[in-house]
Amino acid sequence: MPDSFHRLFMQSYVTHALKVEGLRGIETVPARLESTTLVFAYGVDLFFTQLAPSRTYDSLTEDFSYALLLITIVALVVAIFVTWILSERKELQEKWR
C-alpha cells in the first residue's frame with residue numbers, strides 16, 4: 001500500500017499509530033457529555049481515551065458570554081409579548097369592522 005494511504009487509514013483507529021500489545025479486551029462507557037464515549041483497551045499495554053463525533057459540540061468554552069445569552073432570551077420573550085399584544089389589537093379592530 002502507498003504510504004499516504006497508510007497514514008490516512010491509521011487516522012480511523014482510536015489509538016492512531018499506537019499499538020496495544022497483547023490486546024485482551026476493550027471496555028466502553030458513555031460519558032456525561034452527550035455523544036461522548038470513554039474507551040479503555042487492556043492487554044500487555046493499557047490505553048484510555050475519550051471519543052466524540054468530531055469535537056465535543058455540547059460543551060461551552062470558557063469565554064462563552066452568558067450575559068449575551070440572557071439578553072437574547074429576554075429580547076425574545078419581549079418580542080413574543082409585543083407580537084401577541086399587536087395581534088390581539090389587530091383582531092379586535094377586525095371584529096369592530
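Accessible areas here come from the Shrake-Rupley method with a 1.4 Å probe. On that basis the accessible surface of the protein, taken from a predicted model, comes to about 9000 Å², and 63% of this surface belongs to carbon and sulfur atoms. Of the 97 residues of the protein, 9% count as buried, and among the contacts between residues at least 6 apart in sequence, 17% join residues at least 24 apart.

**Order of the elements**

The protein holds 2 helices and 3 strands, which follow one another from the N terminus as α-β-β-β-α. The elements whose residue ranges are discussed below are listed here.

| Element | Residues |
|---|---|
| Strand β2 | residues 37–42 |
| Strand β3 | residues 46–51 |
| Helix α2 | residues 66–96 |

**The β2–β3 hairpin**

Strands β2 and β3 form a hairpin, with 3 residues lying between them, and their pairing is antiparallel over 6 bridges. Within this pairing, Y42 stands opposite L46, a residue of β3.

**The annotated segment and helix α2**

The UniProt record, an unreviewed entry, carries the annotation "transmembrane region" for residues 64–87. In the model, the chain over residues 64–87 is 92% helix and 0% strand, and the C-alpha atoms at its ends are 36 Å apart.

Which residues make the nonpolar surface patch of about 580 Å²? The patch is made by L60, F64, Y66, L69, I73 and V77. One of these residues, Y66, has its place in helix α2, which spans residues 66–96. The relative accessibility of Y66 is 55%, and because exposed means over 50%, Y66 counts as exposed.

Terms used: Residues are numbered from 1 along each chain as its sequence is written. This is a predicted model: local features need pLDDT of at least 70, side-chain atom pairs count only at pLDDT 80 or more; totals for chains, interfaces and linings use all residues. Side-chain values use heavy atoms; hydrogens and water are left out. UniProt positions are given in the numbering used here, feature names are shortened, and annotations may be inferred rather than shown by experiment. Helices (H or I, at least four residues) and strands (E, at least two) are DSSP runs, numbered from the N terminus. Buried means under 20% relative accessible area, exposed over 50%, partly exposed in between (1.4 Å probe, protein chains only). Contact means heavy atoms within 4.5 Å. Patches are made of residues with over 30% relative accessible area and no salt bridge: like charges are joined within 9 Å, nonpolar side chains (Val, Leu, Ile, Met, Phe, Trp, Tyr) within 5 Å. A salt bridge is a side-chain nitrogen of Lys or Arg within 4 Å of a carboxyl oxygen of Asp or Glu. Two strands pair if DSSP finds at least two bridges between them.
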